[in-house]
Amino acid sequence: MHHGNITITSAGKRWGSCSADDDLSFSFRLMMAPPDIIDYVIVHELMHIIEKNHSPKFWQRVDSVMPEHKTQKRWLKDNHHKFIL
Ligand SMILES: [Zn+2]
């Protein structure tokens, strides 16, 4: 089993991303977000190791770990602009 690396980045507009090699990266801006938001972004990217897309199956997996994830998703949509430094 391949184990991906985790990097913290300062560039880009994304909170987190997952490469084809399962390397995860998270923006340092994420560290300023509330803990449940950090949890959501991490769960989201971890699920991309299993599902490389945003299919219904992907959201099902996110849902099984974080049934309330729609709240966090909305928060990110409403607040991401506040975190651009
Ligand atoms: Zn995604």
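Of the contacts in the protein chain with a separation of 6 or more, 32% join residues 24 or more positions apart; two residues are in contact if their C-beta atoms, placed from the backbone, lie within 7 Å. This is a predicted model, where local features need pLDDT of at least 70, side-chain atom pairs count only at pLDDT 80 or more, and totals for chains, interfaces and linings use all residues. Residues are numbered from 1 along each chain as its sequence is written.

How confident is the predictor? Its confidence in each residue, pLDDT, runs from 0 to 100. The protein chain has a mean pLDDT of 87, with 89% of its residues at 70 or more.

Now the layout. There are 3 helices and 3 strands in the protein chain, in the sequence pattern β-β-β-α-α-α. Helices (H or I, at least four residues) and strands (E, at least two) are DSSP runs, numbered from the N terminus. Of the 85 residues, 14% are buried; that label takes 20 or more other C-beta atoms within 10 Å of a residue's own, while 12 or fewer makes it exposed and anything in between partly exposed, with C-beta atoms placed from the backbone.

The strands make an open sheet with mixed pairing, in the order E1-E3-E2. E1 and E2 are the edge strands, each pairing on one side only. On average, neighbouring strands of this sheet are turned by 20° against each other, direction ignored.

| Strand pair | Sense | Bridges |
|---|---|---|
| E1 and E3 (residues 24-27) | parallel | 4 bridges |
| E2 (residues 16-18) and E3 | antiparallel | 3 bridges |

Which residue of E3 is the bridge partner of Ile 8? That's Phe 26, and Gly 16 also stands opposite Phe 26. Thr 9, meanwhile, stands opposite Ser 27 in E3. E2 and E3 form a hairpin with 5 residues between them, and Asp 22 in the turn has a positive phi of about 70°.

The C-alpha atoms of Ile 6 and Asp 23 are separated by 5.9 Å, though the two residues are 17 apart along the chain.

On to the helices. The axes of helix H1 (residues 35-50) and helix H3 (residues 69-79) come within 10 Å and cross at roughly 100°; axes are lines fitted to C-alpha atoms, for helices over the stretch in contact, and angles run from 0 to 180 degrees between N-to-C directions. So H1 is roughly perpendicular to H3, a label for angles of 65 to 115 degrees (under 35 is roughly parallel, over 145 roughly antiparallel, the rest oblique). Asp 36, Ile 37 and Tyr 40 of H1 make the contact with His 69, Gln 72, Trp 75 and Leu 76 of H3. By class, this contact has 4 nonpolar, 2 polar and 1 charged residues, where Ala, Val, Leu, Ile, Met, Phe, Trp, Tyr, Cys and Pro count as nonpolar, Asp, Glu, Lys and Arg as charged, and the others, Gly among them, as polar.

Methods:
pLDDT = per-residue confidence, 0-100. Pairing = 2+ DSSP bridges.
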